[in-house]
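Please open the structure in your viewer and keep the selection panel at hand. The stops below follow one another as a sequence of selections.

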Amino acid sequence: MLTSIRKLQSSTEHLTTLHPEFLLLCLLSKCYKTGFYILEEDIFEVDQPRDLFLYCYYGGMICIGQKRFRKALELLHNVVTAPMSTVNAIAAEAYKKYILVSLIHHGHFSTSLPKYAASVAQRNLKNLCQPYIELANSYSNGKIADLETYIQANQEKFESDNNLGLVKQVVSSMYKQNIQRLTQTYLTLSLQDIANTVQLNSPKEAEMHVLQMIQDGEIYATINQKDGMVRFIEDPEQYKTCEMIERIDSSIQRLMTLSKKLTVMDELMSCDPLYLAKSGRERQRLDFDDFDPVPQRFNI
């Protein structure tokens, strides 16, 4: 199927009708790495809007499967904010996952969509995903017990949406968020104190969470096994290594390429007959008689 995609594409920036089918196949077979290979390519040409919705939705799920939550948020965000005349089922399901992944990755969620999102999405998505909005509200309180109680009461809903696994990751992320808050206040802290503050069952469980966060690069700390003390330290990265410089240079080059693409697209749009006709109609709505005349003098 990948060979067929390459033959159908006019360039690697072209989204074909086979892209969503290929990503769905990767999801069903759990070949997330193969699917992510396609997602690394920037898309600028789309034939059918439905293909874009499905491509970003399935792509977001593949990134979730690989724990690449930042990329997953980007793709799900594209679904939620894409132009639409009516709210479709794909956007509604994407919004549910967008809420959960935002809580996992950022530790918070904002219900307000950006201004460029479709007005129907801004009006209706919240109502269609109310249990998830309430979950985010419960999460913001920072109380594990309240969050678990709410999840237990709505477990059937989350399970029917096939989001229960993500919801459980939301609970785990709250422990991480609470531990990260401690790094902003304390330089050293015992595992027992961490367990008590974060509402974990034992110092051993606290140690497991801290070690996992150190391994994932979410915090920087050392653990003294003798006295059970955790010492929080600053980010050791000095941004001077050759690898880091190459990464920064690669990001700059990509941004420059995207900037050129946007300039070209803006020029093409400004010459598009449909766009010019629509903008012309909107200008005709404005009549100078609707405005107050410019005052000839001011009374002070």
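## A buried aromatic site

Select Tyr95: with a relative accessibility of 0%, this residue counts as buried. The model on display is a predicted one.

Is Phe109 buried or exposed? Its relative accessibility is 17%, and because buried means under 20%, Phe109 counts as buried.

Now display the rings of the model. Under the pairing criterion applied here, there are six aromatic pairs. One of them is formed by Tyr95 and Phe109, in an edge-to-face arrangement with 6.0 Å from centre to centre and 70° between the planes. This pair links distant parts of the chain, the two residues being 14 residues apart. Tyr95 belongs to helix 6 (residues 89-106), whereas Phe109 lies in the loop between helix 6 and helix 7 (119-128).

## Charges over rings

Move to Phe36 and show Arg68 with it. The charged end of Arg68 sits over the ring of Phe36, at 4.1 Å from the ring centre.

Then select Phe44 together with Lys261. Here Lys261 lies over the face of Phe44, and the distance to the ring centre is 5.3 Å.

## Helix 2 against helix 4

Select residues 18-28, which form helix 2, and residues 49-65, which form helix 4. How far apart are the axes of these two helices? The axes are 8 Å apart, and the helices pack at an angle of about 25°. Angles under 35 degrees count as roughly parallel, and helix 2 and helix 4 are therefore roughly parallel to each other. Helix 2 passes helix 4 in a left-handed crossing.

To inspect the interface, show the side chains on both sides. Helix 2 contributes His19, Pro20, Leu23, Leu24, Cys26 and Leu27. These meet Asp51, Leu54, Tyr55, Tyr58, Gly59, Met61 and Ile62 of helix 4.

## Thr188 in strand 3

Finally, centre the view on Thr188, a residue of strand 3 (residues 188-190). Thr188 has a relative accessible area of 43% and is partly exposed. Which residues does Thr188 contact, when its neighbours within four places in sequence are left aside? They are Met229, Val230 and Arg231.

Notes. Residues numbered from 1 in each chain as written. Predicted model: local features only at pLDDT ≥ 70, side-chain atom pairs only at ≥ 80, totals over all residues. Heavy atoms only, no water. Phe/Tyr/Trp six-rings, centres within 6.5 Å; stacked < 30°, edge-to-face > 60°. Helix = DSSP H or I, 4+ residues; strand = E, 2+ residues; numbered from the N terminus. Buried < 20%, exposed > 50% of the residue type's maximum accessible area, 1.4 Å probe, protein only. Lys NZ or Arg CZ within 6 Å of the ring centre and 35° of its normal. Axes fitted to C-alpha atoms, helices over the stretch in contact; angles between N-to-C directions. Parallel < 35°, antiparallel > 145°, perpendicular 65-115°, else oblique. Left-handed = near helix turned anticlockwise from the far one by under 90°. Contact = heavy atoms within 4.5 Å.
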